[in-house]
Amino acid sequence: MDMKVLLISALLGFVSYVRSKTDSNICISANAKTCGECIQVGPLCAWCKDPGFKPSRCDDRDSLEKVGCTPLGIENPRGTVTIDKNKPVTNRKVDGGQNLRPDEITQIQPQKLTLNLRSGESQRFTLKFKRAEDYPIDLYFLMDLSDSMDINLKNVKNLGTELAREMQHITKDLRIGFGSFLEKNPCFPRHCSPPFSYKNVLNLTDDGALFTQEVSKQQTSGNLDFPEAGFDAIMQAAVCTEVIGWRNVTRLLVFSTDAGFHFAGDGKLGGIVRPNDGKCHLENNMYTMSNYFDYPSISQLVDTLSDNNIQTIFAVTQQFKDLYQELSALIPKSAVGTLSTNSSNVIQLIIDAYNSLSSEVILENSRLPENVSISYISHCKNGVSGKGENGRKCSDISIGDEVMFDIEITAKGCPSKGKSETIKINPLGFSEKVEIILNFICECECRKEGIQNSPECSDGNGTLECGICRCNEGRLGRLCECSQDEVPTDDLDAKCRMDNKLDICSNNGECVCGTCECKKRENPEERYSGKFCECDNFNCDRSNNKLCGGHGRCECKKCICEANYTGSACDCSLNTSTCLASNKLICNGRGICECGVCKCTDQKFEGPTCEICPNCSRICNQHKDCVECRQFRTGSKKETCEEDCRSFNITLVKTKEELPQPNGQPINKCKERDVDDCWFFFTYSTKNDDSFDVFVADIKECPSGPDIIPIVAGVVTGIVLIGLALLLIWKLLMIIHDRREFTKFEKEKMNAKWDTAENPIYKSAVTTVVNPKYEGKL
C-alpha cells in the first residue's frame, strides 16, 4: 500500500513539474520576431534558423530539437570571460626586494578583463588583493592656522623627521607635504597673517628637514566666526594633483583643526552664491576663487576624495570629535583621532589611523551601464565570507595577506546604445584599478549570413536572415508580401478589428497585411483562433481544476460537453446510477437526481441517496409508550393502548441480538427504559407509505439490586479508619508540642544566671555570744 502511494505521489510530482516547465516557458510567451529579440528574453532561449521551420522558432534548445530543428540550425550564443592582463600580485622576496618602483608594485589581480554578456546570464571571475610590503605613502598635512591652534603648530614643526623615523617599519618611501587654511574674513588682532581659504605651503617631498623649515615659517591668524574654510582646503588639496605632487600610491590627507567647518550654502551669508565647481584654482599656491565660489558640499567632498583615492584622517580636538565622527561616517576610508599638544601623540594618531584604514579593503565600482548589475562575495582571513554589502570588504588585513572576491556581473537586456561599455573596480584608498570591458550579445551570428533581396521574401522585398524575412522599408508581412503604399496602415488595422473595437486582433495577435496572425502560447496545446484571434481553447470554465471538468473540449471560450454531461463546465452528469439508493429507488424516492447528485425533497432525509434521517431518533421516544404497552402491557398508555397504538405492526423476537440488522436497509435501533427501570430493545423501519415495521426483543435488561453487606462493612471500616487516623494525627501534634516546650525550658534553664554572693540584708537565726573572760581559751 505504501509503495502505491509513493508511486502515485512521484507521478503527480512529475506531472506538476512538466506542467510548471510548460507554464514558465517565457521563450514562447515573449513572441519574439527575430533571433536578436529571442536571445534577449533569457539565457535558456534559443532560435531555430532552419528554413521552413513551422513551430515557434524561439524556445529552449531541447524543445527545438524535439520538434525537428537541426542541431546546426540552433542559435544559442553564450557569454564569456577573457582575462586580458593578469600580472601576479607583488611578492618582494621574489620580485626584486626593495628595488621596485611604485608603478611596479601590484596589489590587485587581474588588471583587465573582457566580458561578453548575454541577457540574464551571469559571468563570474575572481579578484585577488594582497596588501604589499613597504608600499609608498604620500601624506599631506592640512592644518588650521587660527590662533587657537598655535600650540599644535609648534608640534607639527618637528613632525616631518619624527614621522619618517616612526614609519620606517611601515614604509621606507614616505613623502610629506603641508598646507594650511583659515577663512575668508579679516584677521585679528593686528599682528597676524592675512586671511586666506587655502594655501599650499609645501608640495609632497621626502625631505623631512625641508618640511620642518617651511612649517616653522607659518604664523597663526584669526577670523570673525568660529567655523573654518576647511572644505575649500580639502577640495583644492584633492583635485590639484599635479601641484601637490600626488603619486599613484597610498594617499593620506591629515586634516587638523579645533573648530567646525563651513559647507555649501554658508557662502550666501557673504553674498557668494555660485556652487563650487570642484576644479583646481591655485595660483602661486594660493586658492584664488574663495570669494567667487561657495564652499563645497559634503557629497562633493565624498565623490572627490573617492575619485582621487585619498584616505582622510581627521585630527581634531575632543570638543569636536563627535562632529567629525559623523562626517567620517559619510566619507569612505576615513578615520577620526583626538588631537593632543604632544607631538609624539600626533605621530601615533597618524600611525594608528593609517593602520586602521589600510587593514580594511573595500571594493568600489564605477557607474554601471543601463540594465547591468554587479554582486560581490568576499573570502577573507580565517575563513570569513560575506555577501551583499559585506561581500565588498574584508577587515583585519595585515601586510602580505591575500584575500579573494568572487564578482558576478549580469546584464538584463541590451543597453539602449548597444555598444561596449567600460567599468572599473578599485579598492577604496588604493590607486590600482581593474578595468572591465563589457560587450553585449544583442544579435545572433546568423544575422551576418543574411541574404539581401532574397526571393524567399516575396521576390526580393526583404533580407532572409536566421530563417525569417527582415522586410525592406515600406514592406510588411511575414514574407514581406504587403506594401504600405498600396494599402494604408490605418485600413490594414481596421480589417483586424472586430466590430470596430479599438483592440487589434483582440490583443491576441498581430495585424499583418490586414489579416490577424495570432500569438503562440507557451503551451503548444493552447491556441488562439478566429478571424480576429477572438477565440481560444483554454479560457473555458473549469471544474475540479480541470478544463471543462475533464468531460469536454474548449472551443472559442465555451465547453462542448461529452455525452451524458452538461453544464457550463461539463460538470453536470446525466447518469443517475450514482443516485440509486439501497432499495434501488432513485434518491430513495425522497428526492430528485441532478448532475448525478441527489437533492432530497423530504426535509427529514439527507445523505447521498436521501436514506439518512438524522432526526428520526426521536421516533424511538415517540413510540416507546406504544411499544411498551402493546408488548409488555405496561407503561403510561396501558389503559388506552388499543386506541392510541394501532398505527404499526409489532413482530416479537426473543433477544436483542435477533433484531433485524441494516444490511443495506434503513433500519433504526432503539433502546428505552420502562417503568421498572429495565431496558427494552426494538427496531423500526420506514416504508414508502410512511408506515412503520417494529421488531421488539422479549428479554429486557434489568439492573440488579445493590449488595447491602459490603456497603455497610465498607462504611463501618471507613469510619474506624478515619477515627484512627485522626487519633494518630492528634497524638503526633501533641508529641511535637511537648518537645518544643521542653526544648524551650532547657534553653531558658541554660541561660539563667545564679549569683552565689551573700545577701547583705540577710541575718542568720543563730546568735553566738562570747564570754570575754574566757576569750581565746577552750
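Predicted model: local features only at pLDDT ≥ 70, side-chain atom pairs only at ≥ 80, totals over all residues.
1. The E1-E3 pairing. Strand E1 covers residues 45-48. Two bridges join E1 to E3 in the antiparallel sense. Cys48 stands opposite Ile74 of E3.

2. Largest pocket. Its volume is about 1200 Å³. The lining of this pocket counts 44 residues. Nearest the centre lie Lys33, Arg57, Ile468, Arg478 and Glu517.

3. What builds the pocket lining. Several elements give two or more residues, among them helices H2 (26-29), H3 (35-39) and H13 (489-494). E24 gives the largest share, four residues.

4. By class, 21 lining residues are nonpolar, eight are polar and 15 are charged.

5. Helix H11, buried side. H11 spans residues 321-330, and its buried residues are Tyr324, Leu327 and Ser328. They lie on the same side of H11 because their arc around the axis is only 105°. An α-helix has 3.6 residues a turn, so residues three or four places apart point the same way.

6. Helix H11, surroundings. The buried residues of H11 pack against helices H8 (230-239) and H10 (298-307). They also pack against strands E11 (250-257), E14 (310-316) and E15 (334-338). On the other side of H11, the exposed residues are Asp322, Glu326, Ala329 and Leu330.

Key: Residues numbered from 1 in each chain as written. Heavy atoms only, no water. Pairing = 2+ DSSP bridges. 1 Å grid on protein atoms, 1.4 Å probe; cavity = no way out; pocket = protein on both sides within 12 Å on 5 of 7 lines; lining within 4 Å. Points joined across faces, edges and corners; volume = space filled by probe spheres on them. Nonpolar A, V, L, I, M, F, W, Y, C, P; charged D, E, K, R; others polar. Buried < 20%, exposed > 50% of the residue type's maximum accessible area, 1.4 Å probe, protein only. Arc of directions from axis to C-beta. Contact = heavy atoms within 4.5 Å.
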